[in-house]
Each structure stands twice: as C-alpha cells, then as structure tokens.
Amino acid sequence: MGKKKVGVLVSGRGSNLQALLDACRDPAYPAEIVLVISNVAGAYALERARAAGVATCVVSHKDYASREEFDAAMDVHLRQAGVEIVCLAGFMRLLSAPFVQGWDGRMVNIHPSLLPSFKGLNTHARAIEAGVKLHGCTVHLVTPDLDDGPILVQASVPVMADDTEEALAARVLEQEHVAYPLALRLLAEGRVRVDGNRARVDWPGGGALVNPVP
Ligand code: GRF
C-alpha cells in the first residue's frame, strides 16, 4: 500500500512538524508530508520543511476578507497537492466549519492538555493554577468546535510541585513529539474507527501513552 499524503498547517516554530518529518524518514512509516502551509511568512516551521525538501507555501489570513475565503485558499493548495490527511501543528487560526467538514475524519490536531480539560490557550499555566497532578497532550480528529473531536492519542506527564509554566511546557512538548507521529501512523494505517464522539483505535492501550512515574 502506498504512503498517505499529508499536508501540515503551521504558524510558528514547528517542533511538532519536525517530529512528523523525522518519523516520515522511516521507510516503513505509512505517511509522507507533501506540503506545509503557513499563514505566517516568517514561521521557522517553513525552514524546517525546506530543509527536509518538502514543498511549502504561505497563505496569509491577512490577504482574505473572511475566514471562509482564507480556508478555501488553503483547501485549493491541499487538494492540488493530492493531500489525503491534514495535520494541524501549532496552527493558530480558527477554521471555518465548511473547511473542517471537507476533511471530516482526515484532519488532526495536537493540543497541549489532556482534553477535555483546558481547551484553548495558556494550558500549562492553567493546569498549574488548577493544581492538577497529571497534565499532557492530546491528538484528536478535528471537528468544527475548538479543541473538540474524537481523541486518537493522549500522553500524560506529572505536574511537579515546583513547576514553572516553561518547565511543564517542555515536559509536555517532549511527549507531543511522541504522540503526534503515533497518531498520524494510526490514522494512516486505517486503525481508527469513529464511533459517535469516540475514536476506537486499534492499538495496544487504545492510544494511551503514560510517562514513567517521577
Ligand atoms: C504545541 O504545544 C501544540 O500542542 C500547540 O501549539 C504548539 C506548537 O508548537 N497546538 P510547535 O510549533 O509544534 O513547536
């Protein structure tokens, strides 16, 4: 079976993109990244894509009158490149429902919390403030609601008593770089079946990654 063609949407530093690019170097990995789109011209993620020999393009939201038109422009690029799966990797724009629905079951996002806790921004500071003892990241299928949608993979990390936001973010990010390549692999291999709000994942543990005890 051929590799699934993947498009990645980015806005910033692109460390998750890098994790996916690295995973794709394995000949046995079931996906290849064919296009990286950034809404920010200077995003470091674009340099990472170029260094890996992956096609890039910039679609700036500032050039479009509405969210729908911006999304439609990205959609054209993705379809032209033959993309089959879209990965959001630190893409900092909300997406319109028609665009999301056009990729139903084939668009994934990584979020730096154990969803459904801490949707939205500043997840690490909010986790510390809430006093949770476990935090982590989630890779999920994208639905029109923000940080919602069937969960494919979650990885947990401990929250230490003296954690700063930066220390906790770094601990979670390390797990993001494990969770995202796994989730993309599971989707590309057809191991995901959506059952209502749940993703049934054909994988030991069903997609849960747990950090060693501190
Ligand atoms: C990550 O924390 C990701 O979970 C969130 O945005 C951040 C992107 O980081 N959606 P990077 O650009 O992949 O380094």
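A polar contact is a pair of N or O atoms within 3.5 Å; within protein, one must be able to donate a hydrogen and the other to accept it, and residues adjacent in sequence count only if both atoms are side-chain atoms. The legends below describe a predicted model, in which local features need pLDDT of at least 70 and side-chain atom pairs count only at pLDDT 80 or more, whereas totals for chains, interfaces and linings use all residues. Residues are numbered from 1 along each chain as its sequence is written, and side-chain values use heavy atoms, with hydrogens and water left out.

**View B. The interface of domain 1 and domain 2**. The domain assignment, with bounds from an automatic or database source, gives domain 1 (1-103) and domain 2 (109-214). Domain 1 supplies 21 residues to the contact and domain 2 supplies 17 (contact meaning heavy atoms within 4.5 Å). The C-alpha centres of the two domains are 20 Å apart. About 1600 Å² is buried between the domains, 74% of it on carbon and sulfur atoms; this is the accessible area (1.4 Å probe) that two parts lose on being put together, summed over both. Five residue pairs, both members at pLDDT 80 or more, are in polar contact between the domains.

**View C. The side of domain 1 that touches domain 2**. Strand 1 (4-10), helix 1 (15-24), strand 4 (85-88) and helix 4 (97-102) each give two or more residues to this side. Helices (H or I, at least four residues) and strands (E, at least two) are DSSP runs, numbered from the N terminus. Helix 1 contributes the largest share, five residues.

**View D. The loop between strand 5 (107-111) and helix 5 (123-130)**. Pro-116 lies in this loop and is joined to Leu-115 by a cis peptide bond, with omega of about 10 degrees. Asn-122 is also placed in the loop between strand 5 and helix 5; although not a glycine, Asn-122 has a positive phi of about 55 degrees. Most residues other than glycine have a negative phi, and most peptide bonds are trans.
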